[in-house]
Amino acid sequence: MSLVFALSACGKSGGNALPTVSSPVYGTVPEISFPAGNPPKSVVMKVLDEGDGKGATVGENDLVVVDYYGKVWGGALLPDSTITDATGPRAISLVDPPIEGWSSLKGAKTGQRVLLVVPPQQAYGDLGSESIGVKKGDTLAYVVDIRSTVSPDAASQFQTTPTNNLLPAGVTVTASDKGAMIVDAKAARAYPTKQETAVYATGNGSAVAPGQSVVIKQVVANWGEASTPEAWTASKLSATSASVLNLENQPLGTIAVVLYPATPSSGPQATLVQILAAYDAGR
């Protein structure tokens with residue numbers, strides 16, 4: 001793979017030296033070494049490995065599946081680093097990232113390895129994060145492998161075929177004239193006592209393999225209510241285990257209704273989900 005060492009447009013080093021990475025090749029276990037002096041004051045993204053240059057470009061509203069190796073500037077390895085964790089990659093929404101700095105992955109491509117340096121203002125600020133060993137004012141450095149990226153309009157690539165299955169408990173599904181999906185639980189009968197999944201329409205994508213995680217678009221209706229077309233259009237992408245939704249072996253593009261019983265903090269709900277992508281969750 002060719003190596004490219006260039007700062008992206010998302011930030012400049014401000015004259016400060018950047019960390020060095022001992023193994024800049026995608027998929028390898030890296031080590032980050034820090035220079036003397038102060039860290040950059042703005043986010044820096046630097047491409048370490050271009051891959052084949054043909055990967056999909058990460059959009060500003062995408063959900064990105066990444067492997068990463070992170071360290072506090074000049075300090076310890078972050079314990080949530082997935083490259084050294086058997087649980088495998090992590091899905092990060094750039095619409096609502098765990099820290100603002102992750103949104104600077106916009107413009108990167110799948111198959112690339114990048115260095116991401118995040119100052120405290122775009123990380124954990126004056127609060128820090130005790131659970132992962134980040135103190136007030138810490139700058140973070142990540143080596144990030146871009147595994148895949150999913151855009152909010154990914155559903156447009158699939159064709160769906162209604163199953164005509166009877167949906168549970170009187171729940172109905174419709175589509176607006178602009179294609180937004182609506183789940184309606186206004187006429188729903190007895191409260192669900194357990195989680196239940198019913199496939200509304202089958203997609204034409206490849207099947208989700210057992211053990212994989214899925215990227216989904218979803219909308220929720222409380223029992224006795226209906227979702228709105230606007231809620232589907234504005235829905236943020238998220239990721240979860242396919243087995244949790246009982247959607248293993250279903251093809252990508254599939255639309256399903258998942259019923260949830262009441263919990264101490266919420267009433268029963270009907271959730272409409274569409275599977276947009278799948279990825280291997282473990283190693």
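Trainee: How do the residues lining the largest pocket divide by class?
Mentor: Seven are nonpolar, five polar and three charged. Here Ala, Val, Leu, Ile, Met, Phe, Trp, Tyr, Cys and Pro count as nonpolar, Asp, Glu, Lys and Arg as charged, and the others, Gly among them, as polar. This is a predicted model, where local features need pLDDT of at least 70, side-chain atom pairs count only at pLDDT 80 or more, and totals for chains, interfaces and linings use all residues. Residues are numbered from 1 along each chain as its sequence is written, and side-chain values use heavy atoms, leaving out hydrogens and water.

Trainee: What volume does the largest pocket have?
Mentor: About 270 Å³. Of its 15 lining residues, the closest to the centre are Ala-155, Gly-179, Ala-180, Lys-217 and Trp-232. On a 1 Å grid over the protein atoms alone, a pocket is an open set of points with protein on both sides within 12 Å along at least five of seven lines; lining residues have an atom within 4 Å of a point. Grid points are joined across faces, edges and corners, and a volume is the space filled by probe spheres set on the points.

Trainee: New topic. Which residues does Leu-116 touch?
Mentor: Among them are Val-43, Trp-102, Leu-105, Tyr-142 and Val-144, not counting residues up to four places away in sequence. Touching means heavy atoms within 4.5 Å.

Trainee: And the cavities, how many of 30 Å³ or more?
Mentor: One. A cavity is a set of grid points where a 1.4 Å probe fits but cannot get out. Residues lining the largest cavity include Tyr-68, Asp-80, Arg-90 and Trp-102. By class, that lining has six nonpolar, no polar and two charged residues.
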